[in-house]
Structure formats: C-alpha cells, structure tokens
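Subject: A structure for you to look at

Hi,

Here is the structure I promised to pass on. Have a look at it first, and then read on for what turned up.

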Amino acid sequence: MSGTITSWGGSDAGLARENNEDAWSVDESLQAAILADGMGGENCGEVGSAVTIETVAEYLKAPDPDLTLEELAKEAIRAANRRVLEVARARRDCDGMGSTIVLALWRLPQIVIANVGDSRGYIFRGGQLQQVTYDQNFGNELRSNLGLSEERVQSMPDRNVLTMAVGTCEHILIRIHTETLRPADLVLICSDGLHGPVDHATLVDSLSGPGSLQEKVERLIVCANQNGGPDNVTVVLLEYRGESGV
C-alpha cells in the first residue's frame, strides 16, 4: 500500500421526496467506498439500496484471493444483484425493486471504480473534473450508440430511465474504470440527485474552493438543493495523499 485515503460522505432527502432511498458506506478496512440509489415500490427503494450496500460489503470481507481488483469489484456487484433479486422475489410489495451502484476499491495508488445504473464516479485532478463511469440510461445509450445530439437527448422525456440496475435482471453489465491516483487527487462518487440538477462547472467550482472534505461535501449537497433538490442526493469524496502525506 502506498499513501493514504481520507474520506467524507453525506446524504440528504432533497426537497421533493419524503424518504431517502440512497445509501452509502466507506470502509477503510475493506479499502472500499460504496454508494447506491434504490428504486421500486413504497419503501422498497430503501431496501434495494441497503441490501446492495450490505451484500457488497459482506462479499469484500472474504474475497477470493486469486481475483484481480477489477474482478473483485465485478463479483461483489454480481453478489449484490443476486441478493436483491432474491429479496424482491420474496416480497411481493417489492416487485421491481432495484438499485444503482458505484463501487470504488483501492490498493493504492491503484483504484477501480465500477458502476451499474446512473450513479457516477469522477476523478478531480489539477482543476479538471473527469467522469469515469458510464450512465446506463436511455438518453446516454442513444447519445453513445446512435450519435444523437445533446439537444435532441435533452428534449426526450424518458432520457433518465435506467437501462440497467442491480436486481432487475439475472445478468447485468458492469462498467469498470481503473486509475493510478496521484497525490491530491479527489474521487467523487454521487447519486443523480447531485449530477442531475448541478452542472459540471458548478461541481468544479465546489471542488476547487477552499475547505475540508466535509465542507466540500456539504457545499455540493447545498448546491443540489438550491437547484430544486428534485431527488435524494448523496456525495462521497475520497482524497489521495501520497507516501509523503501530500
């Protein structure tokens, strides 16, 4: 292990929803950060995200030592997919339950960021913010596969409908990004309650500004609510410090 990770996370129901169906966890002993945005039925979104987080964490506690970091991320998410399907089948009121996930796993300075759905992971480095996950929703699939313009995609009412989620089918497509972190890099993982209402430039300004990780997380959540708070918003920040502590 080279260097250290420090972290802070926070979550808010937003201004339009009574329940918060997001969930998140950072476990330094597992060298993992997990964020999930649940969906499906009254209170079942909360169940979907909680089961996703719990199952991934449990899997990571006793991993197959022969797996690469990328394979470990995928197998942990597949385990969560199977478990959410089981719970949904056992509870009729939770038919259609599911969840997005972003999973960050690190063996410093390497980090793997895996996702299903439209919750996102970003790398913030040298004042530049790069999305490293892939939005699995209707609008992005049309944008990527058919080359539709951003203006055309934004005019579609169903653009945010998910095309993939944990617990909605037997086989899921898991997107993976591997990065070698540099000192002072920030890793941002968030639900669509942040990246939906808050534009890219505002995200950059919030991350570039002064303050601790806690202050930056709180600032991002405030930005989401100032822009209408249409959904639950969850933000987790990881900061990489090299061996010298920089």
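A residue is called buried when its relative accessible area is under 20%, exposed when that value is over 50%, and partly exposed in between. Please keep in mind that this is a predicted model.

With that cut-off, cysteine 44 is buried because its relative accessible area is 0%. Cysteine 94 also counts as buried, at 0% relative accessibility. These two cysteines form a disulfide, with their sulfur atoms 1.8 Å apart, and the structure holds one such link. The angle about the S-S bond is -75°, and the link is left-handed. It ties together distant parts of the chain, 50 residues apart: cysteine 44 belongs to helix 1 (residues 44-61), while cysteine 94 sits in the loop between helix 2 (69-90) and strand 4 (98-99).

Two further cysteines may interest you. Cysteine 190 is buried, at 0% relative accessibility, whereas cysteine 169 is partly exposed, at 26%.

Five strands make up an open, antiparallel sheet in the order 1-11-10-7-8. Its edges are strand 1 (4-12) and strand 8 (128-131), each pairing on one side only. From one strand to the next, the twist averages 20°.

Finally, helix 7 (residues 213-226) lies across strand 1, strand 10 (186-190) and strand 11 (233-241), and runs at about 30° to strand 1.

Enjoy looking through it!

Best wishes

Key
Residues are numbered from 1 along each chain as its sequence is written. This is a predicted model: local features need pLDDT of at least 70, side-chain atom pairs count only at pLDDT 80 or more; totals for chains, interfaces and linings use all residues. Side-chain values use heavy atoms; hydrogens and water are left out. Two strands pair if DSSP finds at least two bridges between them. Helices (H or I, at least four residues) and strands (E, at least two) are DSSP runs, numbered from the N terminus. Axes are lines fitted to C-alpha atoms, for helices over the stretch in contact, and angles run from 0 to 180 degrees between N-to-C directions. Contact means heavy atoms within 4.5 Å. A disulfide is a pair of cysteine sulfur atoms within 2.5 Å. Buried means under 20% relative accessible area, exposed over 50%, partly exposed in between (1.4 Å probe, protein chains only).
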